[in-house]
Amino acid sequence: MSQKSGARFTEKQGHYLAFIYTYSHMFGRPPAEADMQRHFRVSSPSIHQMIVTLERNGLIRRQAGAPRSIEILVPPENLPILSWLRIKPSKSL
């Protein structure tokens, strides 16, 4: 998936980024890996590998040794939140 900012991520990575963004705004802090594991219903190693991949691809940043320190580096307008939630941009929220 090509983004306006030049960042590239897969549809699956976009879902994780959208979840992290939405969770952060709902709860005022980024999700823990356990929160993502419950949401996506995948194993702990799968979540960790995705986080490492997102970080390696420059889509997120984390502070070493600090829990819940995920920071999204992709502009919110480039996240697939509306399509992920099946909301059409022209529809009133």
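Residue D35 is located in helix α2, which spans residues 33-40; helices (H or I, at least four residues) and strands (E, at least two) are DSSP runs, numbered from the N terminus. This is a predicted model, in which local features need pLDDT of at least 70 and side-chain atom pairs count only at pLDDT 80 or more, while totals for chains, interfaces and linings use all residues. Residues are numbered from 1 along each chain as its sequence is written, and side-chain values use heavy atoms, with hydrogens and water left out.

**Surroundings of D35**

- D35 is buried, with a relative accessible area of 11% (buried means under 20% relative accessible area, exposed over 50%, and partly exposed in between, with a 1.4 Å probe and protein chains only).
- The side chains of D35 and Y23 make a polar contact at 3.0 Å (a pair of N or O atoms within 3.5 Å; within protein, one must be able to donate a hydrogen and the other to accept it, and residues adjacent in sequence count only if both atoms are side-chain atoms).
- Leaving aside residues up to four places away in sequence, D35 touches F19, Y23 and R68, where contact means heavy atoms within 4.5 Å.

**Helix α3**

- The buried residues of α3 include I47, M50, I51, T53 and L54.
- They cover an arc of only 160° around the axis, which puts them on the same side of α3; the arc is that of the directions from the helix axis to the C-beta atoms.
- The buried residues of α3 pack against α1 (11-27), α2 and β1 (60-61).
- On the face turned away from the buried side of α3 are the exposed residues P45 and R56.

**Aromatic pairs**

- The structure contains four aromatic pairs (rings of Phe, Tyr and Trp, its six-membered ring, pair if their centres lie within 6.5 Å; planes under 30 degrees apart count as stacked, over 60 as edge-to-face and the rest as tilted).
- One of them is the stacked pair of Y16 and F40, at 3.9 Å centre to centre and 15° between the planes.
- Y16 lies in helix α1 and F40 in helix α2, so this pair ties together parts that are 24 residues apart in sequence.
- The rings of Y23 and F27 have centres 4.6 Å apart and planes at 45°, so this pair is tilted.
- Y23 and F27 both belong to helix α1, four residues apart, about one turn of the helix.
- Y23 counts as buried at 12% relative accessibility, whereas F27 counts as exposed at 51%.
- Ring pairs join Y16, F19, Y23, F27 and F40 into a cluster.
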